[in-house]
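Welcome! Take a moment with the sequence and the 3D view, and then let us walk through a few features together.

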Amino acid sequence: MFDVIVSGGVAVTPSGSEPADLGVAGEKIVAIGAPGSLAAIGAARVVDATGQIVIPGGIDPHIHCSFPIAFPGRNEDLMSAPPEQVSRAALYGGTTTLLDFAPCPPEDPLRRSIEARQREWAGACYCDYGFHLLLRGQQPPELLGALPEAVQAGHASVKIFTTDIRPFRPGRMVRFGDIWEVFKVLAAAGGIAAIHAEDNDIVMHMYEKLTREDRTGFENMAEVHNTLSEDLSFNRVIRLAENVPGMALYMVHVSAATGVAAIAASRGRGFPIYGETLHQYLLYNAEDYKRPGGQMFHTYPSLKFAEDQKALWAATGHGAIQAIATDEVCCPLKVKLQGNRIDDTTGGNSGVEPRVALMYTHMVKNRGYSLSDFVGLVSSNAARIMGLYPKKGALAVGSDADIVLLDPRAGRVLRHQDLHETDYTPWEGHEVAAWPSTTILRGKIVVQGGQFFAAQSDGQFLPRKIPDDIRSRPAV
């Protein structure tokens, strides 16, 4: 007897999409059969998926909970929303796994930094989670020496900035010599580097230039965090990585056609590099900065232009982009709008809840993507690249029973008061063609019919190991 049968839907499995029933026992999917074939075995609970699309739980590989939100002239940083707030919204939106960051300042022992982040999240997250290690500044030998042990313990990805992003907050950027040393250690340990790549010289030059010209309004942000910066930085870090045997890259929040081209060229040379973009970049551009409250749409690097959006969309079709993330920085509207200059506008966005529905709408309904390609971009590809597959990101026997019923009959117009993140949404007024009716996390029904049944103790930490094929060639 099963604990749960999900019956009557179109299931998106690794082999394609077809009508199928799923049998769940404990936390795992234990059977997949033709419609009605599992009923004879019976179940404690049957979930009717008739007329719905059954997909693996979404995976957002790039979020920032309890993350400092800096502002010029303020002594203490505000913090973005904690994991309990963001993970609750994630489950409502059909996302069951979040990858956040463990800040690892160079002055602290690496293990201490990781343990501090684990304490913050333990018992405080409704869904499953993992961490990228976030390095910044000059990397001491002691940290490099501790990195292999951290990778083996399941923290298999390391985030690195090639820029300080804003002029008033130095110390975030890792110098290229240190990046080279990290790459050599990471490659030997079996990890992958997640790179925020912008050319710091170009970015800081443009801050100074626009300040001299008295053009400091945030609507000029795309001139600072520009397409040339992405071109130069992507190609530089890629060439560095290509010269380290065993290295692999994951380029976060690709925003420009130049970044797409750099990734595509490297993949063409057989290098294991993967691209992530954000739903902001696909659906908003620099013209949206001119709208009232245009700061709502901003993250770093900046929104770009229509031609960049065109390249990003093209790259999601088995090209340079494998994953759609949010760069979630959930905060109240007053914090998101607190700055109005190129050097003080708050980055990140409130977007984890509507991500799956938005991408279904713009991929499957509007552009004719297959259900398999849609699932790859919002779940399976991130699971493969980040060492979670097939535990996560798959409807397969033996996989975690992270199951979402996406209902095309439940389309709606997005309103912030109907969501569960904060007091605004940058997606206000967007129409989505479907919405999750049910979210199941490791066999437990955590959202159904708008009701929430999860506990903060439900979320589990996910240790990860990057597969050899992901690190040896562009395997996704």
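## An aromatic pair across the sequence

In this predicted model, F218 and Y289 are both buried. Their rings form an edge-to-face aromatic pair, with 6.1 Å centre to centre and 85° between the planes. F218 belongs to the loop between helix 5 (200-212) and helix 6 (221-224), while Y289 belongs to the loop between helix 9 (279-283) and helix 10 (306-315), so the pair ties together parts that are 71 residues apart in sequence.

Across the whole structure, a search finds twelve aromatic pairs. One of them joins W121 and Y129: the ring centres are 5.0 Å apart and the planes meet at 40°, so this pair is tilted. W121 and Y129 are buried. Ring pairs also link W121, Y129, F131 and F461 into a cluster.

R88 lies over the face of F452, 5.3 Å from the ring centre, and the charged end of R172 sits over the ring of F161, 5.1 Å from its centre.

Which residues of helix 2 are buried? They are L110, S113, I114, R117 and W121. These residues cover an arc of only 95° around the axis, which puts them on the same side of helix 2.

On the other side of helix 2, R111 and R119 are exposed. The buried residues pack against helix 1 (83-92), strand 9 (95-104), strand 10 (128-135) and helix 3 (141-152). Just after helix 2, G123 takes a positive phi of about 70°.

Definitions and conventions:
Residues are numbered from 1 along each chain as its sequence is written. This is a predicted model: local features need pLDDT of at least 70, side-chain atom pairs count only at pLDDT 80 or more; totals for chains, interfaces and linings use all residues. Side-chain values use heavy atoms; hydrogens and water are left out. Buried means under 20% relative accessible area, exposed over 50%, partly exposed in between (1.4 Å probe, protein chains only). Helices (H or I, at least four residues) and strands (E, at least two) are DSSP runs, numbered from the N terminus. The arc is that of the directions from the helix axis to the C-beta atoms. Contact means heavy atoms within 4.5 Å. Rings of Phe, Tyr and Trp (its six-membered ring) pair if their centres lie within 6.5 Å; planes under 30 degrees apart count as stacked, over 60 as edge-to-face and the rest as tilted. A charge sits over a ring if NZ of Lys or CZ of Arg is within 6 Å of the ring centre and within 35 degrees of the ring normal.
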